[in-house]
Amino acid sequence: MCQSLTQFIKTESRRLGFSLTGVTTPDPPPHLSTFENWLALGRHADMDYLATERSLQRRADARCILPGCRSILALGIRYPNPALVTPAAEHNSTGRIAAYAWGLDYHVVLPEKMEALVHSIQTHIGYAFPYLCYTDSGPILERDLAQQAGLGWIGKNTCLIHPRLGSYILLAEILLGIELEVDTPFEADRCGTCTRCIQACPTGCILPGRTLDASRCISYVSIEMKTSIPLEFRPVMGNWVFGCDICQMVCPWNRFTSPDEDAFFSPNRVAAAPVLMEELALDAQAFNQKYKNTALMRARRNRYLRNVIVALANSGYSEEKFRSLKLMMNDPNPLIKEHASWAMAQWT
Ligand code: SF4
Ligand code: SF4
């Protein structure tokens, strides 16, 4: 193992904008059985790709993904704490977007930074080695690896929490074919007796054992669910139109974080609180133009507008809103029509 190389990598990683860097091994992650039980109970909703045999094997041993993997770099990069950015007085007809999606899409930003880091390492040591970069992009237990690499603990809300930086952190990993000095796992559970996230979750989807019922989580429902939103969730979604930050917003470990986030995730590119009536007017072309290179592209226009309609219904009646929803009945997409019809029925 090489201490000076590990130090070089950590310094370089910091220079590239990663707030947290740790090293762990490709050995099976400690919470693998928890994940397997979670799958067995069907808590992964319709995300069947999580449960394939190939995916399970790869999660159990990173060497199935990268033969010759000898170390794993766990990386964390900060995004804005909504408590420090969102205007205090909210208009009652604005939506809310999860803070990680306010800036450029991390699926684009993080791989570029990771590639730059690998390039620096290879230049530094003078030879190429096999590697693979991941950010929410493959069968890896990201939070487990981050905890094993000493980045923080997994909170009851299932987020990775750093004792100083809180949980507004995006995780990424690089599997490396070189051996590095391994960090000490973060063993402490600093949640203690706190249950704030469990009490605050509007759908009650936070389960024991640091797991969620994904099918009930607003993040899943608003982004991944391609069908009609079940009636029971519509009122409790409030004004969340893409993701949900509630279980992080109430977490005491996010109270003292500084607004020192990476510029790539600044809230300039996407309004943190879009005006719902304006969003209703987005056709596919306008949506793609407005949200190009942001994580909102994952929901696409139709799913996003479906969420906007639900948020509008939850924001209270006005004649103008009712008229706009009536116009949405002319939309060619059946999902939008159905939600618009439901929304109008809430007010009649
Ligand atoms: S993201 Fe929202 S719905 Fe999902 S667990 Fe957290 S509070 Fe609950
Ligand atoms: S709100 Fe409390 S229980 Fe939930 S993750 Fe934060 S510290 Fe842990």
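Leu212 is buried, because 20 other C-beta atoms sit within 10 Å of its own, and 20 or more is what a residue needs to count as buried. This is a predicted model, by the way. Leu212 belongs to strand E9 (residues 211-212). Its C-alpha lies 7.3 Å from that of Thr158, though 54 residues separate Leu212 and Thr158 in sequence.

Most residues other than glycine have a negative phi. Arg300 is another non-glycine residue with a positive phi, near 60°. Arg300 lies in helix H12 and counts as partly exposed, because it has 14 C-beta neighbours inside 10 Å.

**The chain overall**

Stepping back, the chain has 14 helices and 10 strands. Buried residues make up 43% of its 348 residues. If you take the contacts between residues at least 6 apart in sequence, 80% of them join residues at least 24 apart.

**The sheet**

Now for the strands. Four of them, in the order E1-E2-E7-E4, form an open sheet with antiparallel pairing. Strand E1 (20-24) and strand E4 (131-134) are the edges, each pairing on one side only. From one strand to the next, the twist averages 20°. Strands of a sheet pair through backbone hydrogen bonds.

| Strand pair | Bridges | Direction |
|---|---|---|
| E1 and E2 | 5 bridges | antiparallel |
| E2 and E7 | 8 bridges | antiparallel |
| E4 and E7 | 4 bridges | antiparallel |

Leu20 stands opposite Gly76 in E2. Leu73 stands opposite Ile174 in E7, and Cys133 also stands opposite Ile174.

How many residues of E2 are buried? The count is 8 of its 8 residues, so to speak a mostly covered strand. In a regular strand the side chains alternate between the two faces of the sheet. For E2, one side carries Ser71, Leu73, Leu75 and Ile77, and the other carries Ile72, Ala74, Gly76 and Arg78; both faces are covered, and these residues are all buried.

Helix H5 (residues 106-125) packs on the sheet, where it touches strand E2 (71-78), E4 and E7. The direction of H5 makes about 40° with that of E7.

**Helix H12 and its surroundings**

Helix H12 (residues 300-314) has 15 residues and reaches 22 Å from its first C-alpha to its last, close to the 21 Å expected at 1.5 Å a residue. Of those 15 residues, 12 are buried, so H12 is largely enclosed by the rest of the structure. The buried set includes several arginines, among them Arg301, Arg303 and Arg306, along with residues such as Tyr304, Leu305, Asn307 and Val308.

What do the buried residues of H12 pack against? The partners are helix H8 (218-224), strand E10 (240-242), helix H10 (276-280), helix H11 (284-291), helix H13 (319-328) and helix H14 (334-345). Just after H12, Gly316 takes a positive phi of about 100°.

The 12 residues of H14 should span 16 Å at 1.5 Å a residue, and its end C-alpha atoms are 16 Å apart, which agrees. Its buried residues are Ile336, His339, Ala340 and Ala343. Looking down the axis of H14, these buried residues fall within an arc of 105°, so they line one face of the helix. An α-helix has 3.6 residues a turn, so residues three or four places apart point the same way. The face of H14 turned away from its buried side carries the exposed residues Pro334 and Ala345. On the buried side, the packing is against H12 and H13.

How do H12 and H14 sit together? Their axes come within 9 Å and cross at roughly 0°. That makes H12 roughly parallel to H14. On the H12 side, the residues that meet H14 are Asn302, Leu305, Arg306, Ile309, Val310, Leu312 and Ala313, and on the H14 side they are Leu335, Ile336, His339, Ala340 and Ala343.

Methods:
Residues numbered from 1 in each chain as written. Chains lettered and ligands numbered in written order. Predicted model: local features only at pLDDT ≥ 70, side-chain atom pairs only at ≥ 80, totals over all residues. Pairing = 2+ DSSP bridges. Helix = DSSP H or I, 4+ residues; strand = E, 2+ residues; numbered from the N terminus. Axes fitted to C-alpha atoms, helices over the stretch in contact; angles between N-to-C directions. Contact = placed C-beta atoms within 7 Å. Expected span 1.5 Å × (residues − 1). Arc of directions from axis to C-beta. Parallel < 35°, antiparallel > 145°, perpendicular 65-115°, else oblique.
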